[in-house]
Amino acid sequence: MGKSTVAAEINDQLAALGIPNAAIDLDALVWQWPSTSAWNSDLMFENLASLWPNYQAHGATHLILARVLEDRADLDRFRAAVPGADIRVCRLIAPEAIRNERLVTRMPPGPSRDWHLSRTVELEKVLDQLAFEDFTVDNGDRPPREVALEVLARLHWITTAIDNP
């Protein structure tokens with residue numbers, strides 16, 4: 001279970017509490033070839049800027065975004081795409097062995113899986129150095145609901161005394 005699974009679980013928990021929200025796996029907004037920027041980020045921000053008003057028009061007050069953040073300048077791009085947002089970054093962390101097991105379980109053997117296995121090691125080092133996150137949450141050997149509730153509590157979107165028995 002990774003960032004997309006946790007984002008979906010956060011969406012479910014907020015919905016169960018009657019908190020209007022939207023969750024977007026931002027990786028899905030970049031699937032285009034040829035790329036027009038690194039990781040197709042320009043496309044992602046343009047798509048996000050066009051989606052957020054639609055979610056707001058349908059009542060969303062909270063927005064959960066699943067994405068790796070490797071460039072501090074992207075925070076300003078998120079602010080432009082989601083005007084007025086109180087942006088906070090949660091980094092999900094898990095031991096390398098668990099990350100590798102998840103990749104092997106969900107991806108068929110081949111160059112793409114090999115790239116992702118290599119990238120997860122590289123990315124952990126990059127993110128450790130950058131430290132853009134406001135807080136981290138252990139996403140190792142824990143159920144998605146438990147991880148989601150911890151994220152929500154750390155964001156102060158819920159109170160643990162009420163929502164986490």
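**Reading contacts and salt bridges**

Visitor: Of the contacts in the chain with a separation of 6 or more, what percentage do residues 24 or more positions apart account for?

Guide: A contact means heavy atoms within 4.5 Å, and in this chain residues 24 or more positions apart account for 67% of the contacts with a separation of 6 or more. This is a predicted model, in which local features need pLDDT of at least 70 and side-chain atom pairs count only at pLDDT 80 or more, while totals for chains, interfaces and linings use all residues. Residues are numbered from 1 along each chain as its sequence is written, and side-chain values use heavy atoms, with hydrogens and water left out.

Visitor: How many salt bridges does the structure hold?

Guide: A salt bridge is a side-chain nitrogen of Lys or Arg within 4 Å of a carboxyl oxygen of Asp or Glu, and the structure holds eleven of them. One of the pairs is Lys3 with Asp27, whose closest N and O atoms are 3.6 Å apart. Lys3 lies in helix H1 and Asp27 in the loop between strand E1 and helix H2, so the pair ties together parts 24 residues apart in sequence; here helices (H or I, at least four residues) and strands (E, at least two) are DSSP runs, numbered from the N terminus.
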